Amino acid sequence: MRYCDLTLAYTPTSGGIRTYIDAKRQYLKDEGGDDEHVLLIPGESDHLQVDGRFLTCTVASPVIPGCAPYRFFWRPDKLVSILEETRPDIVELGSFFVSPWAAFRYRAMQAAAGRKCLVSAYFHTDIADAYFGRTLRKALDQLIKADSPVVAEWEDSFVHFMEDGAARYFGHVFQQCDVLFAASPAQRDRLRKYGVGDAEVVPLGVDLELFHPGRRSAELRASLFGADAGTVVIVYAGRLDAEKHVDVLIEAFRRCRLPDARLILTGEGPLREKFETEAANWEHLRVIPYQKDRTAFAALLASADIYATAGPHETFGLSVVEAQACGLPVVGVNAGALPERVVPGTGFLGPAENAEALARNLELAARQRESLSRGARRHVEQAGYGWNSVFERLFRIYRTRWSQLS
């Protein structure tokens with residue numbers, strides 16, 4: 001079988017989607033069978049990389065304004081041409097703008113030639129909510145800054161119109177797929193609001209040997225965090241953009257009554273420069289480079305004390321699970337997939353966009369971090385978040401659906 005992942009979200013500084021695809025390829029390598037994998041992504045120039053049974057096809061594409069280094073596909077005909085040349089049996093969509101129409105066209109061409117093709121989609125990001133809902137509303141609030149009830153009513157109507165339109169569009173895309181994957185039951189329920197029937201729940205995973213409390217390092221705490229044994233180190237790892245609400249996390253940290261603490265931000269994104277400027281004038285805040293080396297990233301997490309996020313749009317929360325595997329309590333918001341990840345005894349959740357509540361939960365986690373740490377690691381182990389079980393389920397579903405195609 002030849003599989004293909006078609007996505008915008010695979011760059012040198014990507015997070016969960018890149019981790020998922022890299023882990024999928026490693027699983028196929030470890031299996032040692034005849035299965036092949038094609039990765040089709042946008043980039044600075046056209047490029048083909050061949051590694052045995054694994055092909056990476058990069059298509060010259062423009063940068064998404066304000067979201068470098070992410071780029072967007074803009075020529076569906078070129079994508080169709082590459083799909084025809086590589087001829088995958090199964091195409092998995094990780095992005096839902098131009099690329100789906102290329103995949104659907106390729107599927108139709110395969111059918112016309114008497115060959116089977118299956119197109120799936122993995123619901124990695126709730127785009128309608130994250131970019132057309134709350135983020136649009138926040139941007140309009142900052143732009144208009146009006147107290148008029150009439151303007152407020154117009155703004156509310158406009159946001160609902162845009163979010164509903166986006167949901168209808170993505171729902172239309174999902175309905176044309178042969179199989180749809182969600183990372184959690186909550187996201188499967190969210191997909192029902194897109195007008196889509198039941199999706200297959202396939203959670204993301206974590207390498208439990210790599211992400212382990214045993215990687216904690218006093219030397220790393222001192223050199224990278226400027227922390228000693230008594231310092232409470234709070235870490236956030238992820239994209240530094242408006243969707244993740246990192247500004248709310250920073251405000252919560254300012255309100256914390258933790259005299260010797262550090263907030264560490266690691267990642268890339270359009271707001272990185274802004275946060276670096278804040279850090280330059282505040283010794284308790286540090287912005288460090290994106291960690292490309294997974295072993296180094298695991299050591300960074302294990303050497304912190306608390307993982308924190310204010311983002312309400314997580315469809316799974318891979319960094320959350322990696323942090324829990326390293327023995328970190330998690331402080332976050334009661335939204336998205338976080339209620340499924342942060343169960344009692346592993347951390348605290350509060351209302352979204354509420355810096356004061358987040359600050360109080362950070363203080364609680366700091367006081368209870370030893371017991372919460374044990375609970376976090378135990379939860380990940382018992383939940384079975386291992387990549388092998390994830391991909392055994394994923395490929396079993398693919399084989400079943402493939403056998404059902406006429």
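## A helix lying across the sheet

## The whole chain

Keep in mind that this is a predicted model. The secondary structure of the protein chain comes to 16 helices and 14 strands. Of its 406 residues, 53% count as buried. Now look at contacts between residues at least 6 apart in sequence: 66% of them join residues at least 24 apart.

Strands of a sheet pair through backbone hydrogen bonds, and they can do so in a parallel or an antiparallel way. You can find both kinds here. β3 and β4 pair in the antiparallel sense over five bridges, with Leu-48 having Cys-57 in β4 as its bridge partner. β2 and β4 (residues 54-60), on the other hand, pair in the parallel sense over seven bridges; here Ile-41 is partnered by Thr-58 of β4.

## Strand β2 and its neighbours

Is strand β2 (residues 36-43) mostly covered or mostly uncovered? Seven of its eight residues are buried, so to speak hidden from view: the strand is mostly covered. β2 also pairs with β1 (residues 2-6), in the parallel sense and over five bridges. Within that pairing, Arg-2 has Glu-36 of β2 as its bridge partner. Together with helix α1 (residues 16-31), β1 and β2 make a right-handed β-α-β unit.

## Helices elsewhere

Helix α9 (residues 246-255) has these buried residues: Val-246, Val-248, Leu-249, Ile-250, Ala-252 and Phe-253. They pack against several elements, among them β9 (232-237), β10 (261-266) and α14 (355-367).

Two packed helices are described by the angle between their axes and the distance between the axes. For α12 (residues 318-325) and α15 (residues 369-383), the axes come within 7 Å and cross at roughly 115°. The two helices are therefore roughly perpendicular to each other. Val-321, Gln-324 and Ala-325 of α12 make the contact with Ala-376, Arg-377, His-379 and Val-380 of α15. These residues divide into four nonpolar, two polar and one charged.

Definitions and conventions: Residues numbered from 1 in each chain as written. Predicted model: local features only at pLDDT ≥ 70, side-chain atom pairs only at ≥ 80, totals over all residues. Heavy atoms only, no water. Axes fitted to C-alpha atoms, helices over the stretch in contact; angles between N-to-C directions. Helix = DSSP H or I, 4+ residues; strand = E, 2+ residues; numbered from the N terminus. Parallel < 35°, antiparallel > 145°, perpendicular 65-115°, else oblique. Contact = heavy atoms within 4.5 Å. Nonpolar A, V, L, I, M, F, W, Y, C, P; charged D, E, K, R; others polar. Buried < 20%, exposed > 50% of the residue type's maximum accessible area, 1.4 Å probe, protein only. Pairing = 2+ DSSP bridges. Right-handed = clockwise from strand over helix to strand, strands pointing away.
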